[in-house]
Amino acid sequence: MRAATATAGMVSAAVLLAPGCGSSPESSTSRDEPVRRATFRSLAARDHLATCSGGSRRPETLYQVERLEELKQLAARKEAAQAVWLGENDWAGVARYARREPCKPSEAAYADALAEFSGSLDRLAGRIAEYPPQSEKTP
């Protein structure tokens with residue numbers, strides 16, 4: 001997970017340093033970044049949970065996945081959909097190269113992975129709630 005998170009940071013930095021990206025005063029990069037990172041971490045936790053034995057079919061997992069979809073809808077209503085999309089895009093670019101241990105085949109490992117995913121969704125919800133409206137955009 002740390003390697004994937006570090007890679008996401010590098011991807012974010014590369015995007016910010018690319019010509020035309022984040023260089024104009026009108027850029028929403030700084031206000032998008034907390035939601036973007038929280039989305040990335042949520043997807044990393046979701047995918048780790050899916051490696052648990054039966055993890056992707058369990059009711060508890062399906063509930064959390066539904067929560068993620070509801071948070072995406074909330075983000076759209078709060079004008080944070082682009083920030084979520086950027087986090088999803090970062091994860092899509094990094095996930096295939098991330099070298100992570102799969103979930104161990106035990107109930108305790110599943111419970112830990114479920115708690116990690118649930119907690120990451122709580123943090124994402126907080127970041128979306130804190131997302132400033134367009135009128136409060138920082139220069």
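**Reading helix packing**

Modeller: Axes are lines fitted to C-alpha atoms, for helices over the stretch in contact, and angles run from 0 to 180 degrees between N-to-C directions. Helices (H or I, at least four residues) are DSSP runs numbered from the N terminus. This is a predicted model, in which local features need pLDDT of at least 70 and side-chain atom pairs count only at pLDDT 80 or more, while totals for chains, interfaces and linings use all residues. Residues are numbered from 1 along each chain as its sequence is written, and side-chain values use heavy atoms, with hydrogens and water left out.

Biologist: Which residues in α3 meet α5?

Modeller: Contact means heavy atoms within 4.5 Å. Among the residues of α3 that meet α5 are Gln-64, Arg-67, Leu-68 and Leu-71, and the α5 side includes Leu-114, Phe-117, Ser-118 and Leu-121. By class, this contact of α3 with α5 has 12 nonpolar, 3 polar and 3 charged residues (Ala, Val, Leu, Ile, Met, Phe, Trp, Tyr, Cys and Pro count as nonpolar, Asp, Glu, Lys and Arg as charged, and the others, Gly among them, as polar).

Biologist: Is Ser-118 buried or exposed?

Modeller: Ser-118, which lies in helix α5, has a relative accessible area of 19% and is therefore buried; buried means under 20% relative accessible area, exposed over 50%, partly exposed in between (1.4 Å probe, protein chains only). Not counting residues up to four places away in sequence, Ser-118 touches Gln-64 and Arg-67.

Biologist: How do α3 and α4 pack?

Modeller: The angle between α3 and helix α4 (residues 81-95) is about 135 degrees, with their axes 7 Å apart. These two helices, α3 and α4, are therefore oblique to each other. Lys-72, Ala-75 and Ala-76 in α3 meet Ala-81, Val-84 and Glu-88 in α4.

Biologist: How many helices and strands are there in the protein chain?

Modeller: The protein chain has 5 helices and 0 strands, a strand (E) being a DSSP run of at least two residues. Buried residues make up 35% of its 139 residues.

Notes
Parallel < 35°, antiparallel > 145°, perpendicular 65-115°, else oblique.
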